[in-house]
Amino acid sequence: MTEDQPDTAHELTLRLTGVAHGGHMVSRSPEGRVVFVRHGAPGELVRVRLTDQGEDAKFWRGDVVEVLEPSADRRERHPWAAADAVSAAQEGRLPVGGAEFGHLTLEAQRELKRSVIAEQLDHLAGIDWRGQVAALEGESADGTGWRTRLHLNVTEDGTAGMYPHRSNDLIPITDMPLATPAIQELAPWQLSVPGAARLDMAAPANGSQPLLHVSLRPRQDPDTVSALRRRLAEWGSEHEVSVTAQSPEDREIQTWAGEPSVRETLDLPGEGQLTWRVSPTGFWQIHRGAPQALVDAVLTAAQIQPGETVWDLYSGAGLFTAAAARAVGTEGQVFAVEGSPVTSADARDNLSEAKHVRVTRGDVARILTGRNPARRRHGASRGQKRPAVRAPEPHVVILDPPRSGAAKEVLAAIDAAEPHTIVYVACDPAALGRDLGRLSRRGWKVTNIKAFDLYPNTHHVEAVAVLRRNE
Ligand SMILES: C[S@@+](CC[C@H](N)C(=O)[O-])C[C@H]1O[C@@H](n2cnc3c(N)ncnc32)[C@H](O)[C@@H]1O
């Protein structure tokens, strides 16, 4: 038996008392130890199979395998059978990750996300947040069909699948209802791809040509790669899908069929259409409606005036950069910083016509302060390694950091630059709470926080916070 196979010796019957950050429900074992449980709902009595249970562990983790007293918030049917924990347990397998709230109604999912945000903001920033988590316009009734991006891992023999939460046992999948209809129709999980380690599928919401990117396994023999290339190039031509590939030994991305990138677009009222190229390994928002919802929220929050200077930190391929560039006009300027070489090259290309936009590649902390907090954490010298880029004085700062949030140094540098408004876009409520707390202590007032359900059927949630200086 492997560690991940069902094991009734490690099961408990637990009452779930609430929701915790990270997609877990909270409960206590009979001897009082906290147990974080996935796939349940507050108030339920459930049988839980423990997945982490060290004697010395501060807390344990587990998955629901049977619901003894169900919550009224449970759906009749999980929209994605492969991710349904209860039927998975009945079939003697693990549920795949990626839809850990799918057993609940969308309203209940949003209520849990709301309560996590409220709790984190209260606990970490002393903010009494009374907002709601808004569904995106045009969201489907069951929260499926939204993922324009999907990644699959591949077994040694070339079968594509997905991992259960905190497990290395890849499970082949036969469908993925969270993906857009375009991706479901292509069903990349049906491909047999020996030689590949991972597949990334991107299908822009505007219906333009999708792209399949293949990350090859290390040191593949040329015959395996040629055979894979031939088959996928044929598949790509037949289905009008671009195919690209990269081996770990080679930084260059090869185009095997079609185009080397996808084309994303957005209609800005009164401004026409904005267009972005996004490379196979570059960043783009996942939900088909996310770019529109976030650009609207950021522009409303930022109240950018013509002639102003805007910083767009962690800019990705330039989603907010392009919108801000229109808002400031050619009398103003936008200073964008993006760390990933691929994504910053996309941003440069996307904004190459806008002479009032400067895209800088690098770590935001290093660009703004000349110091590298990551290196310092690992014991390197505190000294300035390289001079910081000279950033123009901002009126507005937009930042959209990764899940870990912004480094302390970044918040200090933003504060020191004295913009009138900061717009913080966050995909992690705990990092948001911590960073808003830090900015509040520097004299910033949080004037508004809006939350969006950009990831239906998962525990993830996005928030846009607006801060103005406390006069
Ligand atoms: C959440 S994405 C936001 C991108 C963009 N705002 C959008 O909506 O498309 C965060 C971006 O920050 C970049 N990033 C992560 N850590 C960084 C760092 N320390 N310095 C600069 N960029 C970073 C990532 O490569 C990614 O493109």
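The model is predicted: local features need pLDDT of at least 70, side-chain atom pairs count only at pLDDT 80 or more, and totals for chains, interfaces and linings use all residues. Residue numbers start from 1 along each chain as its sequence is written.

The sheet is open and mixed in its pairing, with 6 strands in the order 1-5-6-4-3-2. Strands here are DSSP runs of E of at least two residues, helices are runs of H or I of at least four, and both are numbered from the N terminus. Two strands pair if DSSP finds at least two bridges between them. Strand 1 (11-15) and strand 2 (18-20) are at the edges with a single partner strand each, so one side of each has no neighbour in the sheet. On average, neighbouring strands of this sheet are turned by 45 degrees against each other, direction ignored. Strand 4 (residues 34-38) and strand 6 (residues 59-69) run parallel and are joined by 5 bridges. Val 37 stands opposite Gly 62 in strand 6.

Next come the helix pairs. Helix 5 (residues 290-302) packs on helix 6 (residues 319-328) at an angle of about 45 degrees, their axes 10 Å apart. Axes are lines fitted to C-alpha atoms, for helices over the stretch in contact, and angles run from 0 to 180 degrees between N-to-C directions. Helix 5 and helix 6 are therefore oblique to each other; angles under 35 degrees count as roughly parallel, over 145 as roughly antiparallel, 65 to 115 as roughly perpendicular and the rest as oblique. Pro 291, Val 295, Val 298 and Leu 299 of helix 5 meet Leu 319, Phe 320, Ala 323 and Ala 327 of helix 6. This contact of helix 5 with helix 6 has 8 nonpolar residues, no polar and no charged. Nonpolar covers Ala, Val, Leu, Ile, Met, Phe, Trp, Tyr, Cys and Pro, charged covers Asp, Glu, Lys and Arg, and the others, Gly among them, are polar.

The axes of helix 10 (residues 408-417) and helix 11 (residues 429-441) come within 10 Å and cross at roughly 40 degrees. Helix 10 is therefore oblique to helix 11. Lys 408, Leu 411 and Asp 415 of helix 10 make the contact with Asp 435, Arg 438 and Leu 439 of helix 11. The residues of this contact divide into 2 nonpolar, no polar and 4 charged.

Asp 122 is in helix 2 (residues 106-125). Its C-alpha lies 9.5 Å from that of Gly 437, 315 residues away in sequence.

Key
Contact = placed C-beta atoms within 7 Å.
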